[in-house]
Amino acid sequence: MGDARGEEIVLNRSKAGGRGAGRGGGGGPAGGDQKFGGGGNKAKPTTDLRKLEKQSGLDEDESSVNLKVISREVAQAIQKGRSEKKLTQTQLAQKINERESVVKDYERCIGTPNQQILAKMERALGIKLRGAGVGDPIEPRHPKK
């Protein structure tokens, strides 16, 4: 039958395979060869019109993509109003509680117009940026009694 001690077990460590293969060797999770930030498959939003047309599935001859972008007239009105108030892009951004990049993008006709941001710019600059009469001065509101 055998001893009371049981059977002897011999462990052999080989360099190839197995979890205990040593430091940084194997190809498993303990292998240490995973890349930082790897495996992410997040798509970033794009503002490139050509890419958006391709993503929408329209051919080149079909030009019925209705994407709203900031008009050149609005961008020029923002620049003019800002220069008349002697504000930098950073100062205007701080005044309307937005990032400086938002103001820069609006002045470069990049991105989709946000009505809330345009309303804040209208109040800060004192000019119309939406509807008819873009660039016209806005008459101040009368305070409530």
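Among contacts in the chain between residues at least 6 apart in sequence, 42% join residues at least 24 apart. The model is predicted, and the chain has 5 helices and 0 strands. From the N terminus on, the order of elements is α-α-α-α-α. Of the 145 residues of the chain, 19% count as buried.

**Surface and confidence**

- The chain has an accessible surface of about 12600 Å², and carbon and sulfur atoms account for 48% of this area.
- The average pLDDT of the chain is 75, and 53% of the residues score at least 70.
- Helix α1, at residues 49-56, has the lowest mean pLDDT among the elements of the chain, at 62, whereas α3 has the highest, at 95.

**The nonpolar core**

- The largest nonpolar core comprises 19 residues.
- Val 74, Ile 78, Leu 92, Tyr 106, Met 121 and Leu 129 are the residues with the most contacts inside this core.
- At least two residues of the core come from each of α2 (72-84), α3 (89-95), α4 and α5.
- Helix α5 gives the most to the core, with 5 residues.
- Tyr 106 touches residues elsewhere in the sequence, among them Ile 70, Ala 75 and Ile 78, as well as Ile 117, Leu 118 and Met 121.

**Helix α5 and its ends**

- Helix α5 spans residues 115-125, and its buried residues are Ile 117, Leu 118, Ala 119, Met 121, Glu 122, Ala 124 and Leu 125.
- These buried residues of α5 pack against α2, α3 and α4.
- An α-helix has 3.6 residues a turn, so residues three or four places apart point the same way.
- At the start of α5, a side-chain oxygen of Asn 114 comes to within 2.9 Å of the backbone nitrogen of Gln 116.
- Gly 126 follows α5 and has a positive phi, near 75°.

**Glu 107 in helix α4**

- Glu 107 is found in helix α4, which covers residues 100-107.
- Glu 107 has a relative accessible area of 4% and is therefore buried, the cut-off for that class being under 20%.
- The side chain of Glu 107 makes a polar contact with the side chain of Arg 82, at 2.6 Å.
- Leaving out residues up to four places away in sequence, Glu 107 touches Arg 72, Ala 75, Ile 78, Gln 79, Arg 82 and Gln 89.
- Of these partners, Ile 78 is also one of the residues with the most contacts inside the largest nonpolar core.

- Pro 113 lies in the loop between α4 and α5.
- Pro 113 counts as partly exposed because its relative accessibility is 25%, and that class runs between 20% and 50%.
- Pro 113 and Val 69 are 44 residues apart in sequence, yet their C-alpha atoms are 6.1 Å apart in space.
- Apart from neighbours within four places in sequence, Pro 113 is in contact with Lys 68, Val 69, Ile 70, Tyr 106 and Leu 118.
- Leu 118, another contact of Pro 113, is among the buried residues of α5.

Note on methods: Residues are numbered from 1 along each chain as its sequence is written. This is a predicted model: local features need pLDDT of at least 70, side-chain atom pairs count only at pLDDT 80 or more; totals for chains, interfaces and linings use all residues. Side-chain values use heavy atoms; hydrogens and water are left out. Helices (H or I, at least four residues) and strands (E, at least two) are DSSP runs, numbered from the N terminus. Buried means under 20% relative accessible area, exposed over 50%, partly exposed in between (1.4 Å probe, protein chains only). Contact means heavy atoms within 4.5 Å. Accessible areas come from the Shrake-Rupley method with a 1.4 Å probe; for residues, only the protein chains shown count as cover. A polar contact is a pair of N or O atoms within 3.5 Å; within protein, one must be able to donate a hydrogen and the other to accept it, and residues adjacent in sequence count only if both atoms are side-chain atoms. A nonpolar core is a set of buried Ala, Val, Leu, Ile, Met, Phe, Trp, Tyr and Cys residues joined through side-chain atoms within 4.5 Å. pLDDT is the predictor's confidence in each residue, from 0 to 100.
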